[in-house]
Amino acid sequence: MDKAAIKSFSIWARNKLIADITYKAGLLGITDEGIKDALPQSAQDAQFYDIGTKEPYAIHGEEIKQRRELASVIRKKASQSEYKDAYRNVIEEVAYTWFNRLIAIRFMEVNDYLPAHIRVLSSESGKLEPDLVTMPFDANIEFSKQETEHILQLKNDNQVDALFRFLFIKQCNALNAYLPRLFEKTSDYTELLLNVSVTDQDGIVYRLTHGIAEDDFNVSNIGADGKPTGQVEIIGWMYQYYNTEPKDEVFALLKKNIKITKERIPAATQLFTPDWIVRYMVENSAGRLWLEGHEDEGLKKQWTYYLDEAGQIADVKPQLAAIREEYKKIKPEEIKVIDPCMGSGHILVYAFDVLMQIYESYGYSRRDAAKGIVQNNIFGLDIDGRAFQLAYFAIMMKARSYNRRFLALGIEPNLCAIQESNGIEYNKDVGDALLSEGHRETLKYLLHTFVDAREYGSILTVEKRDYDGFLQAWESASEQAAENIVMLLWYNECNQIVPTLVKQAKFLSHKYDVAVTNPPYMGISNGNGKLNKYVKKNYPDSKSDLFAVFIERCGKMLEENRYQAMITQHAWMFLSSFEKLRAKLQTVDTINMAHLGARAFEEIGGEVVQTTSFVMRKSHIAGYKGTYCRLIDPTTQKGKEEMYLAGENRYTAVQDNFTKIPGSPVAYWVSNSLVKAFADKLLGDYAYTKQGFATGNNEFFLRMWFEVEESKSAVPAAFKCEDNKFTYKWFPCNKGGSYRRWYGNNSYLANWEKDGELMRNYNGSVIRNSQFYFKEGITWSSLANQLSLRYSPVGFVFESKGSMCYTKGEVCIWYLLGLLNSRLLRQH
């Protein structure tokens, strides 16, 4: 797969679509400055707009209705935000809607999945004009007499682009019968804004069909590694790359202290999960659930990334046997798998493959299994409508690959783009007349719970209620509502969103057998106030980052003795801010872990995030041993995968032992002797360890010693007493540095004038442990490859990368420094 070509196209296509759609909207008098009225000469069947040319721009008939709808949507959004933001968001929505449709049709024509088997964007013969334009009446699309005449006129006038746009829209509308969540049934403003050319060799259609190899879309194409290269791979990468510039924009805004809004969260947090990690997670969760109740060596051999369980002590085995007796009762159609942050559906599509293998091993045909999996097994949620469309498409195409008739069956996948109830109020008079008391309360609950739902997404906790009974009562109330205009208006307004609210409430309140996901990685402090408040109230033990919140949330979504599999940042394993979360996770069993470290996502631009992937079971068996694969040393994704498959750097550990180490870090690699050592005296009994300040702007607050005028520098020899901290501007600063023992790395000075007045008031700085500044102690480099400690005399402040250690009582600082630098300590 040529990812460079895919990335180049996706980034370019987004900008091209936005530019073309913006231009078309401008012709309609709709710009980022406002919405213009039609010119006075406009009539009921024709409207005119001033575009600065001699002749105004004219629209007629259906276009007038579509333009009115576009203006209404922008105004509605503008009532909840700034107009420019509302305008930009609508333009973005239209752009990604057409991007997704173009990608979907390209995928379908390459794999011959289109109902009429006629190419829409390209030609089987390789000519520029698409086959749909050449032979439109062979495409099984219904045309009215007027439309037929219009087609013939356009062909006669050689208006190829106009004919293509007309036929492309007709094809999209026809595909509603097969893919209704991607192709709308009725015409709307998105059609009005479509402005693509098929003849322009610098246009989106030409670049899509000529710039990306067909093999990259072809599900039957097999790569050098023996894996299919089409299907979800290209869909996922296109979604990833489409978000490249929006993601850069989000992080640029963060530097200006502009928080991440709900509209920007998908772009800011999107990371396409590498294929081998997806396979690891799914095989060791959904696959494990089945194999532990239905032994099948043939199945296990197909799952390359499946890890056998570690050897267990005698006391553990009976408890595991009891759980597996429960698993034996499970049938394929009963396994519920959810990805609460499904993105473009990569994980769910591979879960589909694993479930298909399970169904076949149980005696199902592929055709029946495909129907069963979509109807019963796979569930997905996301806050991003773009992601939902692509995940929906990916699942439908996967089902189609196993069942040729699947698209004609009308089966709806259990996927949902989370919607909000904002702006819809419960009307007591109407609601009380239409619904019984219990159903009234359910409606009130739904409208209240899903206000600002896209701020929170799948971390929303939703009560389990009789939602099916409520929906049936709601649908039955439509006849009564039709008898009164007031009732009907309110009912119709609510009915636009109520079925979706019911669907997502069911998904969020249900319990699952497997929760598997790559959640968003975003510090909660970078989100807006609503998200911050909700997380602190509902997830106080994981409130630092969304990935940690989702670790908790996925656990709550599970039935007892069921599995969650995730890839997250590895910070939760070690940092003190996640200590309470680690305590919670001690109550569930870690089955295995692939500790990835940095560069697990290297193929998407060298992401430096440190990650770990793991599988947990919602059970706690004392003495249970998990398997841990330490893959942090390889610096490429391929290297990590090869080390995993080779079985190198594997450890077994009893997670109960982690609690014996202060802070309970997930230190799976430590020896039993070291664990036992923590039962004796610890360093904390003899000394304090403290972290220093973060300046927020090192270039401003730090200098090398030779850059500062001597009279303004308080070198240690001149530092006689603490009063001197008000005399000088620049003070020696411990800032870590390279490996160096005993003494040294004293190159930096910090601006701590007037007891750090300027730094204390600087936006972005963090002052820590200032009561320990200027005291004698021991410092070390937090980023060095090997621990090395140095003596720090009186007179130094210290920064976050040059932490300090201070002795307690009568402890000799020289003895402690010698011990900490000794070979004895380094061996552990």
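Which residue in E7 is the bridge partner of Gly 380? The bridge partner is Leu 415. The legends below cover this pair and other close-ups of a predicted model.

**View 1. Strands E6 and E7 run parallel and are joined by 4 bridges.** Gly 380 and Leu 415 form a bridge pair here. Strand E7 spans 414-417 and is an edge strand of its sheet, pairing on one side only. Asn 414 and Cys 416 point one way from E7. Leu 415 and Ala 417 point the other way. All of these residues are buried. In a regular strand the side chains alternate between the two faces of the sheet.

**View 2. An open sheet of 9 strands has mixed pairing.** The strand order is E7-E6-E5-E8-E9-E11-E10-E12-E13. E7 and E13 are the edge strands. Direction ignored, neighbouring strands are turned by 15° against each other on average. Helix H17 (residues 385-402) packs on this sheet and touches strand E6 (378-382) and E7. The direction of H17 makes about 165° with that of E7. H24 packs on the sheet as well, touching strand E5 (337-339), E6, E7 and E8. The direction of H24 makes about 115° with that of E7.

**View 3. Strand E9 is largely enclosed by the rest of the structure, because 9 of its 12 residues are buried.** Strand E8 (residues 512-517) runs parallel to strand E9 (residues 558-569), and 5 bridges join them. Thr 517 has Met 566 in E9 as its bridge partner. Val 514 stands opposite Tyr 563 in E9. E9 is also joined to strand E11 (residues 611-617), by 7 bridges. E9 and E11 run antiparallel. The bridge partner of Gln 564 in E11 is Met 616.

**View 4. Helices H19 and H24 cross at roughly 85°.** H19 covers residues 437-449 and H24 covers residues 498-509. Their axes come within 10 Å. The two helices are therefore roughly perpendicular to each other. H19 contributes Leu 443, Leu 446 and Leu 447 to the contact. H24 contributes Val 498, Leu 501, Val 502 and Ala 505. The contact residues divide into 7 nonpolar, no polar and no charged.

**View 5. Helix H16 (residues 366-377) has buried residues Ala 369, Ala 370, Gly 372, Ile 373, Val 374 and Asn 377.** These buried residues pack against two helices, H15 (346-361) and H17. They also pack against strands E5, E6 and E7.

**View 6. Helix H28 (residues 637-646) has buried residues that include Lys 640 and Glu 641.** What covers them includes helix H12 (275-291) and strand E10 (589-597). Strand E12 (625-630) and strand E13 (650-654) are also among the covering elements. Just after H28, Gly 647 takes a positive phi of about 75°.

**View 7. The largest nonpolar core has 222 residues.** Phe 9, Phe 168, Met 238, Phe 352, Ile 459, Trp 474 and Trp 572 touch the most other members. Helix H3 (residues 83-110) gives the most to this core, with 15 residues. A second, separate core has 17 residues, including Phe 701, Phe 731, Phe 774 and Val 797.

**View 8. An open sheet of 4 strands is ordered E15-E17-E16-E20.** Its pairing is mixed. Strand E15 (702-704) and strand E20 (797-798) stand at the edges. Each has a single partner strand, so one side of each is left without a neighbour in the sheet. Strand E16 (residues 730-734) and strand E17 (residues 748-751) run antiparallel, joined by 4 bridges. Trp 730 has Asn 751 in E17 as its bridge partner.

**View 9. Asn 821 lies in the loop between helix H32 (813-820) and helix H33 (823-826).** Asn 821 counts as buried because its relative accessibility is 1%, and the cut-off for buried is under 20%. Asn 821 and Trp 742 are 79 residues apart along the chain. Their C-alpha atoms are separated by 7.9 Å.

How values were computed: Residues numbered from 1 in each chain as written. Predicted model: local features only at pLDDT ≥ 70, side-chain atom pairs only at ≥ 80, totals over all residues. Heavy atoms only, no water. Axes fitted to C-alpha atoms, helices over the stretch in contact; angles between N-to-C directions. Parallel < 35°, antiparallel > 145°, perpendicular 65-115°, else oblique. Contact = heavy atoms within 4.5 Å. Nonpolar A, V, L, I, M, F, W, Y, C, P; charged D, E, K, R; others polar. Pairing = 2+ DSSP bridges. Core = buried A, V, L, I, M, F, W, Y, C linked by side-chain atoms within 4.5 Å. Buried < 20%, exposed > 50% of the residue type's maximum accessible area, 1.4 Å probe, protein only.
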